[in-house]
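I opened this notebook to record what I looked up in the structure, entry by entry. The sequence and the coordinates are shown first.

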Amino acid sequence: MDIKKISEKFSVSAQITAEDLPALAEQGFRAIICNRPDGEGADQPSFEEIEQAAGEAGLETRYVPVKSGMVHDADVAAFGEALKEVQRPLLAYCRTGTRSATLWSFHESKKRPMPEILAATKAAGYDMTGVARRIANGGKTPTDTGDAAFDVVIVGAGAGGISVAASLKARQPDLDIAVIDPADIHYYQPGWTMVGGGVFEAQTTAKIMAALIPKGVHWLKSAVAAFEPENNAVILDGCRVVKYGRLVVCPGLKLDWEAVEGLEDTLGRNGVTSNYRYDLAPYTWELVQGLTEGRALFTQPPMPIKCAGAPQKAMYLSGDAWHRNGRLKDIDIQFMNAGGVLFGVKDYVPALEAYVAKYDATLNFFHNLIAVDGQAKTATFQIARPDAAPDRVTVDFDMMHVCPPQVAPDFIRVSPLADSAGWVDVDQVTLRHKTYDNIWSLGDVMNAPNAKTAAAARKQAPTVADNIVADIAGRSPVAAYDGYGSCPLTVERGKIVLAEFGYGGVLKPSFPAFLLDGTKPSRAAWFLKETMLPPIYWKAMLKGKEWLAKPEKITIARD
């Protein structure tokens, strides 16, 4: 815990955990206010978990969630009401503490002079000059000038963001580049399936963000509130403004846990787990080891999702563990898929169906999870078969692995950069924005029809880097992205079906078939996933070393 004291009665902090509550009570805090919406991060405990631990520690709690970077007048009013209702001293928290400090600043601006507010927040490590500008400007953040300016600004420090920053620095070292991301920890999310299967330890998938930002690249540890592309500006938490020459947009997806009724209330207990959350992947393995009989559900929501094969990977590794310990005959495996096919590229389906048969799993297509009752251990699904009237079914379970619905983050969906469905609108070949020609996007939030995987980002980063460098030099785009994505389907411990494909489901194998036939389960692919890919990710991809990732060149027809 890094608690920042703003006044005698009010402090803020970054995300806290349930384990922190006894210590906070010992330090004299009387109440906790949560300003972070549930489901915002992959390592985030729910407010209900915090509330329960706070109650046990004798602390009051209030939930005043504010979307990242979007502090509205109604939020300030709700925050003010919460302040009236609870005892002091109190601690407010969000992802970094910035939202909580911003709410306090707006609330206090009605009764304190602004210089006093700026001094108090600055002493705590928060720059609220943007808030002062917004108040002075009648509630709107002016973007004609900025607090900082860079040649290239990259929104998101995940696989795509760090990779493209490193690739740009390798091509043009003198570029002044900033990466914007509020997270302290960077996660190798493809490893969480292996954590849930008892292969990796969770801590091996996490590294300190500061150690991964490329040398010479500025890290702005903040969340984005909005884009003003007409003014080449990004507005951050605290109403600060960053100006750019070129912009790259690549934040991760939002895991929409709250879209399933009752799910947030039971995650991490009552046999409900998910490999899509860092702290829950170990619970998956705990449940698999402890289940001796009963029904195990594995859910998949409507597309798009990160790594379309991940929900069934959890099923295969669990089934393999039960096969190995002799319990499979007593466990009823049910795969509940909102879609109508097992996998979107038909060449890989026969190998997968063989494992579905091996584990005696039942495939339930067009079943979309809409509600969970953890205590009763029941899950309700909306059934929407194309040739039948909509229906619902409630299913008992002893264990359930949930893949949550996924959407673009709020600040993307409501921005001028988004298409009608809420995704960044790009040309699928050059990855350049269709409207704003100094903006590019890669990774999970753009609307090209490719698989949303880290392997896709590995191919996209050099494409974006080449095209930005060409644009700076006054040339047309030079690099083309072919839609490549990869999904190593862990069908059993020791074997993988290595799906590699591009736009339209065209197979894009990286190796000749005599070395590795991706349509068949192989030990070579498992060796690649378990042993080779993690160091390639950490030591090559994030360092700008583009092994097997060189983009295709755009050829211009000449008369």
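**Entry 1. Helix 4**

I began with helix 4 and listed its buried residues: Thr 98, Arg 99, Ser 100, Ala 101, Thr 102, Leu 103, Trp 104, Ser 105, Phe 106, His 107 and Glu 108. I took buried as under 20% relative accessible area, exposed as over 50% and partly exposed as in between, with a 1.4 Å probe and protein chains only. Helices (H or I, at least four residues) and strands (E, at least two) are DSSP runs, numbered from the N terminus.

I noted the basis of these entries: this is a predicted model, in which local features need pLDDT of at least 70 and side-chain atom pairs count only at pLDDT 80 or more, while totals for chains, interfaces and linings use all residues. Residues are numbered from 1 along each chain as its sequence is written, and side-chain values use heavy atoms, with hydrogens and water left out.

I then asked which elements the buried residues of helix 4 pack against. They are strand 2 (10-13), helix 3 (73-85), strand 5 (90-93), helix 5 (114-123) and helix 6 (129-136); contact means heavy atoms within 4.5 Å.

**Entry 2. Helix 3 against helix 4**

I looked up the packing of this pair: the axes of helix 3 and helix 4 are 9 Å apart, at an angle of about 85°. Helix 3 is therefore roughly perpendicular to helix 4. Axes are lines fitted to C-alpha atoms, for helices over the stretch in contact, and angles run from 0 to 180 degrees between N-to-C directions. Angles under 35 degrees count as roughly parallel, over 145 as roughly antiparallel, 65 to 115 as roughly perpendicular and the rest as oblique.

From helix 3, Asp 75, Val 76, Phe 79, Gly 80 and Leu 83 meet Ser 100, Leu 103, Trp 104, Phe 106 and His 107 of helix 4. I recorded 6 nonpolar, 3 polar and 1 charged residue in this contact. Here Ala, Val, Leu, Ile, Met, Phe, Trp, Tyr, Cys and Pro count as nonpolar, Asp, Glu, Lys and Arg as charged, and the others, Gly among them, as polar.

I traced an open sheet of 5 strands with mixed pairing, in the order 1-2-5-3-4. Strand 1 (4-5) and strand 4 (60-63) are at the edges with a single partner strand each, so one side of each has no neighbour in the sheet. Two strands pair if DSSP finds at least two bridges between them. Strand 1 pairs with strand 2 in the antiparallel sense over 2 bridges, and Lys 5 stands opposite Ser 11 of strand 2. Helix 2 (residues 47-56) packs on this sheet, touching strand 3 (31-34), strand 4 and strand 5, and its direction makes about 165° with that of strand 4.

**Entry 4**

Strand 11 (residues 224-228) runs antiparallel to strand 12, joined by 4 bridges; Glu 228 has Ala 233 as its bridge partner. The two strands form a hairpin with 4 residues between them, and Asn 232 in the turn has a positive phi of about 50°.

Strand 12 also pairs with strand 13 (residues 241-249), in the antiparallel sense over 3 bridges. Ala 233 has Lys 243 as its bridge partner in strand 13. In this second hairpin Gly 238 takes a positive phi near 80°.

I found 5 strands in an open sheet with parallel pairing, ordered 15-22-16-17-18. Its edge strands are strand 15 (272-273) and strand 18 (362-365). Strand 16 and strand 17 pair over 7 bridges, with Thr 299 opposite Met 336.

**Entry 3. Nonpolar cores**

I asked which residues touch the most other members of the largest nonpolar core. Of its 65 residues, they are Ile 154, Leu 168, Phe 227, Leu 247, Val 248 and Val 249. Such a core is a set of buried Ala, Val, Leu, Ile, Met, Phe, Trp, Tyr and Cys residues joined through side-chain atoms within 4.5 Å. Helix 14 (residues 454-472) gives the largest share of this core, 8 residues. A second, separate core has 56 residues, including Tyr 283 and Met 315.
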